[in-house]
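Subject: Handover of a structure

Dear colleague,

I am passing this structure on to you, and my notes on it follow below. Please read them with the structure open.

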Amino acid sequence: MIRFENVTKLYGSDVAAVREASFDIPKGEFVFLVGPSGSGKSTLLRLMNRQERPERGTVWVAGANINELADSRVPYLRRGMGNVFQDYKLLMNKTVFENVAFSLQVIGRPKHVIRQQVPQVLELVGLADKEDRFPSQLSGGEQQRVSIARAFVNRPLIMLADEPTGNLDPATGEEIMSLLDSINRTGTTVVMATHDHRVVNAMRRRVIQLDRGLVVRDQERGVYE
Amino acid sequence: MFARISYALRETIASFRRNITLSAAAVLTSAVSLLLVGTTFLIQRAFDNLLVQWRGDVGMIVFVRPDASEEQLTFIRQTLEAQPNVIDVKKLDYLDRAASFEEAKRVFAGDRTTLSLLTVETIPSQFKVIPLTTDPALVRGLADQYRNLPGVQGVALAEDEFDVISTMSSFVRGVTITMSLILLGVAVTLIWNTIRTAMVARRNEIEVMKLVGATNWFIRVPFILEGLTQGLFGAIVSCGGLWTLNQAWTNGVAGFKTGTGVSSLVVPGSYVSGVMIILLVIGALAGGIGSGIAASKFLDV
């Protein structure tokens, strides 16, 4: 589903955020990207959804070399991906329903599809009774659920999560991981950047460890070291 | 498709409301600049009216030296009257030195230096000639012919007066067009800045839109529509201003005496309507271009 071939990403002329990264992520896999701050985890995610382009190497997503993808085709690539962030990136002037519906609206889905799909995904994340609330009326965990609902409502092939439990207490973090796990079980490939030891050790999924831009470990059913 | 159009229109109205102060400033600046553009059109048309009227009534003055003899004066008159096919003999008018001096007092009322040099004894008498031809080259040929007659001091042509009016017209046109262009530039810049501010204020929303797969055009269109609306609203305000200005001018000109030439400066309503359509197009284009540039340049907020 995702393949990196000797990918190097530089910031400026000589600061390497990612160096010669090579790995394969098959369809339906759940992968943790671990490592300290500044190790290149977020940059890897940004390379996967074409927010960044590598200086060297090739990034393949769903069989397409996305380095060579025309700018006009990038939105269509992203429609097959969901993005979850540490700071949720919810629109504070929109309700829970409107936040989730937004990602369908902007890709031109008709109203009847939105009315059908949004309640379904809100039910999945356990927020069916809070669709009229604004984000400011929700807890951090609930806001992250809305963010996950928004990322999943379009039934993406890939879910990219950047520190989704970073702002949450351990119990709420577990709930979010349980949600991501159930999404993964539907066949969606999940790639999650984190430095949360508990989450990684509890899940025992594939771990790709980064250190100063280098992939230093790629382990099936790994733990955080 | 309907969902997308509906979304774009909703977002345009919402954004216009959110940035109401900046939007109002952009609308007013557009209105002022477009009013000046419209005024340029009207001034130009007014000068054209004046020139057209004079050209249709081409005049020539043959000045006779103050010391010319009676025989010379008679010869000049006979020469003029001998060409009924070329000049309007019935309207041939002779002003003797006393009458010429009285006229000079009016012509040079604002020029005391020139007036002080003139006396009844030194001022030339004059024949007022109305050529029947409207061909300026032929009129100039006639003037050259009369200039060589004995006793003639000189010949003045209305054509030369046109040059003055043309020069004045060009000057006024140059100044107003320059100011219009500068103000239009200011309006486009202000619209550009309004859209930039709106985009920065909505950077989170734009980022989310891009990440969920909205195309750049889908994101841009509401912003471009917002700028286009600002330009169009400015144009509508300027049209109102232009119409009011023209009505006031038309009413004011009605108070002048007939034959002063000022009545030529009235611009008909049909022409003003045409100018208003042009202003609406320019306003919409200026708004669309300003916002289009901003929406493309700042999409990576």
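This is a predicted model: local features need pLDDT of at least 70, side-chain atom pairs count only at pLDDT 80 or more; totals for chains, interfaces and linings use all residues.

As a reminder, strands of a sheet pair through backbone hydrogen bonds, either parallel or antiparallel.

Strand β1 (residues 2-11) of chain A is joined to β2(A) by 7 bridges, and the pairing is antiparallel. Two of the pairs can be looked up directly. A:Leu10 is opposite A:Ala16 in β2(A), and A:Tyr11 has A:Val15 of β2(A) as its bridge partner. The two strands, β1(A) and β2(A), form a hairpin with 3 residues between them. In that turn A:Gly12 has a positive phi of about 75°.

Chain A as a whole

Chain A has 7 helices and 10 strands. Of its 225 residues, 44% are buried. If one takes the contacts in chain A between residues at least 6 apart in sequence, 67% of them join residues at least 24 apart.

Helix packing in chain A

Two packed helices are described by the angle between their axes and the distance between the axes. Helix α3 (residues 96-105) of chain A has two such partners in these notes, α4(A) and α5(A).

With helix α4 (residues 111-124) of chain A, the axis of α3(A) crosses at roughly 125°, and the two axes come within 10 Å. Because of that angle, α3(A) is oblique to α4(A). The crossing is right-handed. From α3(A), the residues A:Val96, A:Phe97, A:Val100, A:Ala101, A:Leu104 and A:Gln105 take part. They meet A:Val113, A:Ile114, A:Gln117, A:Val118, A:Val121 and A:Leu122 of α4(A). By class, the residues of this contact are 10 nonpolar, 2 polar and no charged.

With helix α5 (residues 140-152) of chain A, α3(A) packs at an angle of about 30°, and the axes are 7 Å apart. The helices α3(A) and α5(A) are therefore roughly parallel to each other. Their crossing is right-handed. Here A:Val96, A:Asn99, A:Val100, A:Phe102 and A:Ser103 of α3(A) meet A:Val146, A:Ala149 and A:Arg150 of α5(A). This contact has 5 nonpolar, 2 polar and 1 charged residues.

Where chain B touches chain A

How many residues of chain B are in contact with chain A? There are 14 on the side of chain B, in contact with 16 residues of chain A. On the chain B side, the elements that give two or more residues are α1 (2-18) and α8 of chain B. Of the elements on that side, α8(B) gives the most, with 6 residues. The chain B side divides into 8 nonpolar, 3 polar and 3 charged residues.

Helix α8 (residues 203-211) of chain B also has buried residues, namely B:Glu205, B:Ile206, B:Val208, B:Met209, B:Lys210 and B:Leu211. Just after α8(B) comes B:Gly213, with a positive phi of about 105°.

Elsewhere in chain B

Helix α9 (residues 216-253) of chain B packs against helix α10 (residues 269-297) of chain B at an angle of about 155°, with the axes 7 Å apart. That angle is why α9(B) counts as roughly antiparallel to α10(B). The crossing of α9(B) and α10(B) is right-handed. The residues of this contact comprise 17 nonpolar, 14 polar and 2 charged.

Finally, one loop residue. B:Asp67 is in the loop between β1 (60-64) and α3 (70-81) of chain B. Is B:Asp67 buried or exposed? B:Asp67 counts as exposed because it has 11 C-beta neighbours inside 10 Å. Its C-alpha atom is 10.0 Å from that of B:Gln153, a residue 86 positions away along the chain.

Regards

Technical notes: Residues are numbered from 1 along each chain as its sequence is written. Chains are lettered from A and ligands numbered from 1 in the order in which they are written. A residue is buried if 20 or more other C-beta atoms lie within 10 Å of its own, exposed if 12 or fewer, and partly exposed in between; C-beta atoms are placed from the backbone. Helices (H or I, at least four residues) and strands (E, at least two) are DSSP runs, numbered from the N terminus. Axes are lines fitted to C-alpha atoms, for helices over the stretch in contact, and angles run from 0 to 180 degrees between N-to-C directions. Angles under 35 degrees count as roughly parallel, over 145 as roughly antiparallel, 65 to 115 as roughly perpendicular and the rest as oblique. A crossing is left-handed if the near helix is turned anticlockwise from the far one by less than a right angle, and right-handed if clockwise. Two residues are in contact if their C-beta atoms, placed from the backbone, lie within 7 Å. Ala, Val, Leu, Ile, Met, Phe, Trp, Tyr, Cys and Pro count as nonpolar, Asp, Glu, Lys and Arg as charged, and the others, Gly among them, as polar. Two strands pair if DSSP finds at least two bridges between them.
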